[in-house]
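Colleague: Could you walk me through this one? I am new to it.

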Amino acid sequence: MPEDRAIEIGTTREGETSVVTPQGDIDMSTSPGLRAALRGESERGAKRLVVDLGAVGYMDSSGLATLVEAMKLAKGSGATLVLCRMNPQVRAIFEIARLDTFFKIVDAVDSAKSA
Amino acid sequence: MSQEAAHIQVEMRSDPRYLCGARELVSQVARRVGFDDLGCARLALAVDEALANVIRHGYQSQTDRPIWISIWPLRDDAGEPTGLKVVIEDEAKHVDVEHIKSRDLDDVRPGGLGVHIIREVMDEARYEKRDGRGMRLTLIKYIDASRGGGKAQEDGNA
């Protein structure tokens, strides 16, 4: 399948903190791109991984699965993963899947950097 | 349930890139029927999960197979809209309905959440084998239940 262009993923780094910012919908077709970005930051040795979801309008279970995998990878390497700036629709799927307590979720990027 | 022809019928290829179009269709129709923003989003999520399951498990991620989506608005005796029925059909292999189950949410791991999400979001979700080949999933969501966070009936159906 050709590369899907429905999502763009930005990354900024400050010391050992990486902020990954996906923009667009996260579904079965776009979650592999997010998975690769998160895995890449883990492999670079990021000790704090912030996923800024402020520009994500939609997420399905493949997005959740990607974040669960990233969380487990982070924990395994002694790193911290924090999610921030979720809209109500995206937060709803975390609640439906009862994963809202599994993740550290904060409102703002600055809070995520120090959470 | 009425045998009236579907008000909307779409055939899509089993390509994940087109899930966004299916979500948009369901969400916009739901809005016209009277669902609120969160109700529309939840309906679109359930349909997305159902389609993704067909693509991933039914068609083993082949991207050129057919999936049919049919939509009916539901109305009461006075003609007032009460909800939406969405039927998703494929021609993948038959699956034993008893094997279509939610997984244990205490086991936090990637994958396997789709059926749980469908059950949580919809008021009714019924899997059945189509004649000859393929599966049919009938999803029903009522407008009032959307505001109260309805859950699919646990009557032996998914």
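Modeller: Gladly; we will take a helix contact and then a sheet. This is a predicted model, where local features need pLDDT of at least 70, side-chain atom pairs count only at pLDDT 80 or more, and totals for chains, interfaces and linings use all residues. Residues are numbered from 1 along each chain as its sequence is written, and chains are lettered from A and ligands numbered from 1 in the order in which they are written.

Colleague: How are helix 3 of chain A and helix 2 of chain B oriented to each other?

Modeller: Helices here are DSSP runs of H or I with at least four residues, and strands are E runs of at least two, numbered from the N terminus. Axes are lines fitted to C-alpha atoms, for helices over the stretch in contact, with angles from 0 to 180 degrees between N-to-C directions. Helix 3 (residues 88-96) of chain A and helix 2 (residues 37-58) of chain B have axes that come within 10 Å and cross at roughly 55°. Angles under 35 degrees count as roughly parallel, over 145 as roughly antiparallel, 65 to 115 as roughly perpendicular and the rest as oblique, so these two helices are oblique.

Colleague: Which strands are the edge strands of the sheet in chain B?

Modeller: Five strands of chain B form an open sheet in the order 1-2-3-5-4, with antiparallel pairing. Two strands pair if DSSP finds at least two bridges between them. Those that pair on one side only are strand 1 (8-13) and strand 4 (124-129) of chain B.

Colleague: What is the bridge partner of Glu89(B) in strand 5 of chain B?

Modeller: Strand 3 (residues 81-90) and strand 5 (residues 135-142) of chain B pair in the antiparallel sense over seven bridges. In strand 5 of chain B, the partner of Glu89(B) is Arg136(B).
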